[in-house]
Amino acid sequence: HMPTAELQALDAAHHMHPFTNNNELEQKGARIITRAKGVTLTDSEGNQILDAMGGLWCVNIGYGREELAEVAARQMRELPFYNTFFQTTHVPVIALSAKLAELAPGDLNHVFYASSGSEANDTNIRMVRTYWAEMGQPERKVIISRKNAYHGSSVGSGSLGGMSGMHAQGGMPIPDIHHIDQPYWYGEGGDSDPEEFGLARARQLEEKIEELGAHCVAAFIAEPIQGAGGVIIPPDSYWPEIQRICDKYGVLLIADEVICGFGRTGNWFGSQTLNIRPDIMTIAKGLSSGYAPIGGSIVSDKIAEVINACEFNHGYTYSGHPVSCAVALENLRILEEEKIVERVAQDTGPYLKEKWQALADHPLVGEARIVGMMGSLALTPHKESRAKFAADAGTAGYICRERCFANSLVMRHVGDRMIISPPLVITKEEIDTLAERAWASLDQAAAKLKE
Ligand code: PLP
């Protein structure tokens with residue numbers, strides 16, 4: 001019950017925020033979120049804010065579901081912790097693994113748990129290298145990823161990621177990780193045809209494999225739709241070509257489904273929407289709708305057979321944490337029983353698409369694209385040429401994000417791209433509010449940019 005200013009002062013004094021210039025917070029004060037229900041956040045001043053980011057792309061079933069709180073409390077009373085090391089297990093992890101095997105496409109039938117997407121991607125690095133070593137090809141170590149990708153913040157997953165700002169700090173990337181360009185036609189395609197561009201970007205994978213030698217390449221990792229890079233929806237030509245190349249060279253395909261998974265794109269997994277056949281899927285976020293920390297790797301029969309036959313010396317204290325597993329299972333039950341994924345595909349998703357695409361009529365918006373419930377706007381001073389703002393990258397996006405905040409709407413900016421990833425339970429009425437506030441914020445940002 002402390003006043004907001006006092007809480008903000010304590011926060012600035014003692015809390016180091018991730019991905020934040022913490023010194024700025026001393027002057028500005030962090031916004032303190034105290035409660036949330038559905039898609040609406042309440043802050044310490046009583047303001048009601050529409051969260052079009054679902055927290056950090058994760059609160060798929062929306063905030064405030066009592067069922068999850070009850071399941072967590074019950075599980076904590078019954079068995080708050082037990083590990084899954086050394087030939088022990090427990091009921092929540094068994095039930096969740098079986099459910100994930102049922103939901104995952106193809107023969108992705110085996111789950112290795114972590115507490116986050118970063119840890120899961122670290123697991124993937126070691127798992128694919130161990131797989132090839134066990135297969136008698138230990139030189140297959142290289143993992144190819146993409147520039148501007150985000151796969152987590154640990155040293156391993158941050159190395160898989162292709163964010164230059166991250167690589168500049170703390171000695172990343174680790175050896176044997178290579179990056180190719182992203183299929184970002186709007187920003188990098190110039191005058192080319194989008195489909196030709198998509199093919200050319202996919203063929204960079206083949207060129208990289210040829211350059212390094214296929215006998216050195218273990219895997220390719222990518223999100224079906226790149227999220228934190230700016231919701232980059234690839235041209236249709238891109239993924240079939242990537243799949244062809246992985247198949248041709250026997251390179252394992254890791255689909256990072258941390259954002260795209262659990263209904264975000266209108267299917268259970270983004271790989272289904274984009275027609276990809278991964279060997280491994282990274283999962284986290286929407287797996288528990290953010291109610292409990294949990295992540296993992298869902299792997300194919302082929303890989304599990306090899307990994308299960310050796311002792312894979314890898315694991316986290318909280319691999320398969322019983323409370324997180326119980327919460328995730330309840331979250332999946334709600335997604336399934338309330339047909340939330342189907343609604344994204346057939347009802348609220350198309351409605352959001354219509355409203356979102358209408359924002360392309362705004363003078364500041366060069367492109368408005370969305371798949372399921374992950375969307376982006378490219379801000380531009382000149383629609384026809386798709387020009388970038390001359391000022392420091394991110395200025396227009398930053399101004400727009402601040403205007404959204406002032407208008408009780410959380411949208412994120414990545415450079416001059418505005419992005420959304422709302423809870424999948426957002427109603428049509430709330431979608432109308434989202435679109436109205438976004439338009440008003442764009443108007444105000446445009447006025448500010450003219451000053
Ligand atoms: N992979 C993707 C695609 C992500 O977007 C993220 C987080 O945003 C991660 C991995 C890392 O997940 P976590 O923050 O749970 O470690």
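In this predicted model, helix 10 and helix 11 are roughly parallel to each other, a description that follows because angles under 35 degrees are counted in that class and the axes of helix 10 (residues 194-212) and helix 11 (residues 238-249) cross at roughly 15°. The two axes come within 8 Å, and the crossing in which helix 10 passes helix 11 is right-handed. Two packed helices are described by the angle between their axes together with the distance between those axes.

The contact itself is formed on the side of helix 10 by G198, L199, R201, A202, R203, L205, E206 and I209, which meet Y238, E241, I242, I245 and Y249 of helix 11. By residue class, the contact of helix 10 with helix 11 comprises eight nonpolar residues, one polar residue and four charged residues.

A further part of the model concerns strand 9 and the strands paired with it. Strand 9 (residues 280-283) runs parallel to strand 8 (residues 252-256), to which it is joined by three bridges, and within this pairing A255 stands opposite M281 of strand 9. With strand 10 (residues 295-300), by contrast, strand 9 pairs in the antiparallel sense over four bridges, and here V299 in strand 10 is the bridge partner of I280.

In a regular strand the side chains alternate between the two faces of the sheet. In strand 9, I280 and T282 point one way, whereas M281 and I283 point the other way; I280, M281, T282 and I283 are all buried.

Methods
Residues numbered from 1 in each chain as written. Predicted model: local features only at pLDDT ≥ 70, side-chain atom pairs only at ≥ 80, totals over all residues. Axes fitted to C-alpha atoms, helices over the stretch in contact; angles between N-to-C directions. Helix = DSSP H or I, 4+ residues; strand = E, 2+ residues; numbered from the N terminus. Parallel < 35°, antiparallel > 145°, perpendicular 65-115°, else oblique. Left-handed = near helix turned anticlockwise from the far one by under 90°. Contact = placed C-beta atoms within 7 Å. Nonpolar A, V, L, I, M, F, W, Y, C, P; charged D, E, K, R; others polar. Buried ≥ 20, exposed ≤ 12 C-beta atoms within 10 Å, placed from the backbone. Pairing = 2+ DSSP bridges.
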